[in-house]
Amino acid sequence: MRIAGIALLIAVAAVIAATIGGGGTPRASRGDTSGRQPGQSVPGIRPWTVTAVIEARLVNTPIALPSSPFAYGITVASTSPTSLWGRLSRIDVATGHIALGPKVPSYSQLFTLGGSLEVLSRASANAQWIIRPVIGHGTSLGGATVLPIPTSASGVVSVSDGPAVGHGVWLSYGNSVFLVNASTGTLMRRENLGANVASISMDPTGRLLYAALDELMAHPTARVATVIDELDARTGRVLAHVGIEFTLGGANLEAVRGGVWVSYRGGMMGTAQLLRASGLAMVQPPSGSARRDETIPTMGAEITMGIWTAQVGSMFWLQASFGTSCVAPSSGAFRAGTAYPTRTETSVSKDQSVKWDGHLFSSGGIAHTKTTLSWDPFASWNGHVYATNGLADSGSASTEVLSVTVPSVCR
């Protein structure tokens, strides 16, 4: 009995040590999907070279200005996730230098309008929504334009990146999309789409606007959970719409030349689809693949948390928990991919001793943990893609900015 008791206590101490030492888990993605093991059949599974450039407390993924080494983000000084104010910050990705700009609300949204960068924010819960332009490639802000959105609005206001429509920019709130003059705040168009607008995205040519609607929120018995609307960006007229069946709302859109990428999740069945412009017909995955995630190298690891998307420069990225692929934006044709590298992190656990029957059992010590170095790309410059790793909501933890050496086909 004594031997059995000692063995049990040793096992308990081992569990304590493992818990204190921690286990490396990949960063949670923006979706979940049914698992698949593509093995090593996808080319380019060897990890690409990844170098840390700088570390900062970023609230969200930076926005890059086209054809420049500068990207912008909101940094916060406090590690508290409730930080209400931050600083507009310019990141020189080539050198890692951060130039701090003016104080802005930490939950501000950055977006591009033509070739300039704009800041969408409001100072408090009941304040007016405003947009302010970033002057040139510096950190100074221009004058504020007040938007015709009710000050009582408590929901999410989304804004479309991309070219201006005349002098206007499309925004969404609630069931509606608004075309607002970015210089005067004048309401140019308003369209009620009949359901909550989860996200919007502007076609790079400035002709089309795409909106993802949470259909289940408006009609709980609806056959489809989301609807994608294609609108004429100048008139607001709905040109086409298509329903997607899944169980969780909140599709994300990334418009490209000739179509729009839709990524979503639903229980265990999340994925990404490319819909063709002028009708929203689905573009089929590459030959031999049933799903888009089959082109993502994962070194045999099972994809269990979905895929998400990003457009950087001339390439489009499909990302999963353990790997990423660059594809042609308008066709989804595979170009190259890589499994994310891993690194070993060392932590020292606090000594936790247990006495039993005259013996001392200790669970303290040094733990070596392997973690997956996943990354979100946001800029392309001088043959490198720049990405964030370890991004935390509201600046609650530091974020690494990484330089990734990618194949020429992904630049």
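Ser-278 counts as exposed, because its relative accessibility is 63%, which lies over the 50% that marks an exposed residue. This serine of the predicted model is found in the loop between β20 and β21, and although Ser-278 is not a glycine, it has a positive phi of about 60°.

## The hairpin around Ser-278

β20 and β21 form a hairpin in which five residues stand between the two strands, with Ser-278 in the turn. Strand β21 covers residues 282-283, and its pairing with β20 is antiparallel and rests on two bridges; within this pairing, Leu-274 has Val-283 in β21 as its bridge partner. Strand β20, which spans residues 271-276, is mostly covered, since five of its six residues are buried. β20 also pairs with strand β19 (residues 259-264), to which it is joined in the antiparallel sense by six bridges, and here Val-262 has Gln-273 in β20 as its bridge partner. In general terms, strands of a sheet pair through backbone hydrogen bonds, either parallel or antiparallel.

## The protein as a whole

The secondary structure comes to two helices and 32 strands. Of the 411 residues in the protein, 47% are buried, while the protein exposes about 18500 Å², of which carbon and sulfur atoms supply 54%. Among the contacts with a separation of 6 or more, 49% are accounted for by residues 24 or more positions apart.

## Other paired strands

An open sheet of four strands runs in the order β2-β3-β4-β5, and its pairing is antiparallel. The edge strands of this sheet are β2 (63-64) and β5 (97-105), each of which pairs on one side only. Inside the sheet, strand β3 (residues 70-75) pairs with strand β4 (residues 85-92) over six bridges in the antiparallel sense, and Phe-70 has Asp-92 in β4 as its bridge partner.

Another hairpin is formed by β16 and β17, with five residues between the strands, and in it Gly-236 takes a positive phi near 80°. Strand β16 covers residues 226-232 and strand β17 covers residues 238-244; the two are antiparallel and pair over six bridges.

| Strand pair | Bridges |
|---|---|
| β3 (residues 70-75) and β4 (residues 85-92) | six bridges |
| β16 (residues 226-232) and β17 (residues 238-244) | six bridges |
| β19 (residues 259-264) and β20 | six bridges |
| β20 and β21 (residues 282-283) | two bridges |

## Residues in loops

Asn-382 is another residue other than glycine with a positive phi, in this case near 55°. Asn-382 lies in the loop between β30 (376-381) and β31 (384-389), and it is exposed, with a relative accessible area of 67%.

Ile-135 lies in the loop between β8 (130-133) and β9 (145-146). When residues up to four places away in sequence are left out of the count, Ile-135 touches Ser-140, Leu-141 and Gly-142. From Ile-135 to Glu-118 the distance is 9.1 Å, C-alpha to C-alpha, and the two residues are 17 residues apart in sequence.

## A buried threonine and the disulfide

Thr-338 has its place in strand β25 (residues 334-339) and counts as buried, at 2% relative accessibility. A polar atom of the Thr-338 side chain lies 3.3 Å from the backbone nitrogen of Trp-48.

A search of the whole structure finds one disulfide. Cys-326 and Cys-410 form it, with their sulfur atoms 1.9 Å apart. This pair links distant parts of the chain, given that Cys-326 is in strand β24 (residues 323-327), Cys-410 is in the segment after β32 (399-405), and the two are 84 residues apart. The torsion about the S-S bond of Cys-326 and Cys-410 is about -65°, and the disulfide is therefore left-handed. Cys-326 counts as buried at 0% relative accessibility, and Cys-410 is buried with a relative accessible area of 2%.

Note on methods. Residues numbered from 1 in each chain as written. Predicted model: local features only at pLDDT ≥ 70, side-chain atom pairs only at ≥ 80, totals over all residues. Heavy atoms only, no water. Contact = heavy atoms within 4.5 Å. Pairing = 2+ DSSP bridges. Buried < 20%, exposed > 50% of the residue type's maximum accessible area, 1.4 Å probe, protein only. Areas by Shrake-Rupley, 256 points an atom, 1.4 Å probe, with all protein chains shown as cover. Polar contact = N/O pair within 3.5 Å; in protein donor to acceptor, adjacent residues only side chain to side chain. Disulfide = S-S within 2.5 Å.
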